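User: I'm new to protein structures and would like to learn how to read one. Could you walk me through some features?

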Amino acid sequence: MLGKDFQLFAFLSRRSQGEHRNVLRNVLTVILLSVVLPLVAQISKPVVIAHRGASGYLPEHTVEAKVLAFEMGADFLEQDLVLTKDDVPVVMHDIHLETISDVAQRFPDRKQSDGHYYALDFTLSEIQQLRVNERINPATGKAVYAKRFPVGRASFQIPTLEEELQLIEGLNKTRGRVVGIYPEIKQPGWHRQQGRDISRIVLAILRRHGYTTKQNLCWVQCFEVDELKRIRFELGWEGRLVLLLGSGRRNSDGSGAGPWFTAAELAELAKFADGIGPALGAVVFGTSKADRKVTDLVKNAHAAKLVVHPYTLRSDELPKWADSMDDAQQLLFNEAGIDGLFTDVPDLTVRWLSAHGKR
Ligand code: CA
């Protein structure tokens with residue numbers, strides 16, 4: 001009887017060990033599927049960055065444009081940031097107000113001698129009185145992009161950075177997705193000439209909202225390389241950094257001063273930045289589909305371990321070298337090998353990536 005019990009115990013014990021191994025294997029599988037693979041996918045799958053929100057459909061940088069981009073499946077929502085007179089970062093593209101708001105009608109006597117209405121001359125409460133419109137050319141009063149949201153229709157406002165971060169946090173909670181942010185420090189050198197340290201103010205807000213390391217879905221971007229260095233070394237930012245690049249380092253025919261960034265310069269940049277945000281023209285060169293050529297910029301950036309997120313794809317202003325959105329996206333994602341794209345039409349970029357197994 002004792003022997004039988006012992007045999008039964010030994011059997012159960014063996015079985016239990018086997019079950020433990022199974023459980024362990026299952027746990028490891030779950031960890032692999034739920035934690036490791038998504039991280040790998042996140043690194044290797046291109047990201048969709050909603051340029052000023054879904055700005056192809058609603059006035060740029062409005063809350064409405066951000067909500068729409070969120071629902072279109074964008075991975076990151078962009079914020080361009082400038083300061084108000086009372087040092088509040090607001091989400092708008094230019095340091096001037098007249099191209100995207102009714103400031104000239106509402107505050108006609110606040111125009112500077114150069115013809116501009118500077119955000120820095122207005123308090124937040126004044127800026128909150130403005131109505132935002134689709135971007136216009138102030139000389140003609142006409143929309144810059146004729147097919148976009150009608151100028152002067154409906155009611156939109158300029159949000160603060162803080163309001164926008166709260167909006168995205170709220171949507172991430174209620175919609176069950178984690179969408180990242182992509183804040184750009186606008187003209188930090190100019191802000192400092194005016195006695196303002198925009199980077200320091202913006203970074204404090206980002207940190208307060210939990211964006212502190214490279215694990216967080218936040219790319220801080222800037223056109224000014226010295227400021228980017230300062231952000232990393234002097235202001236101690238430990239999150240992701242992108243240097244924005246124009247396409248102005250070559251002549252328009254492709255001749256001239258060599259590559260937009262040399263391999264050596266990119267290696268130097270990689271000491272403090274995590275990626276570059278070049279103009280599309282620095283990634284694909286050409287004036288037509290017939291003469292287009294992928295430059296070596298992405299290859300060189302990848303060799304330096306920098307990601308490449310070019311700007312900006314627009315369905316109503318295609319690059320000269322593409323004859324359709326699909327054509328442009330095929331070239332950028334498949335041939336140039338970019339890691340993400342600033343797009344005014346996030347729905348079309350999400351759709352293309354999904355159709356080609358990249359999401
Ligand atoms: Ca920007």
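Analyst: Let's go through the chain as a whole, then a helix, then a strand and its partners. This is a predicted model, where local features need pLDDT of at least 70, side-chain atom pairs count only at pLDDT 80 or more, and totals for chains, interfaces and linings use all residues. Residues are numbered from 1 along each chain as its sequence is written.

User: How many helices and strands are there in the chain?

Analyst: Helices (H or I, at least four residues) and strands (E, at least two) are DSSP runs, numbered from the N terminus. Here you get twelve helices and 13 strands.

User: What share of the residues is buried?

Analyst: A residue is buried if 20 or more other C-beta atoms lie within 10 Å of its own, exposed if 12 or fewer, and partly exposed in between, with C-beta atoms placed from the backbone. In this chain of 359 residues, 39% are buried.

User: Which residues of α5 are buried?

Analyst: They're Leu161, Glu164, Leu165 and Ile168.

User: What do the buried residues of α5 pack against?

Analyst: Contact means that two C-beta atoms, placed from the backbone, lie within 7 Å. The packing partners of α5 include β2 (76-83) and β6 (180-185).

User: Is β2 enclosed or open?

Analyst: Eight of the eight residues of β2 are buried, so the strand is largely enclosed by the rest of the structure. One side has Phe76, Glu78, Asp80 and Val82, and the other has Leu77, Gln79, Leu81 and Leu83.

User: Which strands pair with β2, among them β6?

Analyst: Two strands pair if DSSP finds at least two bridges between them. β2 and β6 run parallel, joined by six bridges, with Asp80 opposite Glu184 in β6. β1 is also parallel to β2, over two bridges. β3 runs antiparallel to β2, with three bridges, and Leu83 stands opposite Pro89 there.
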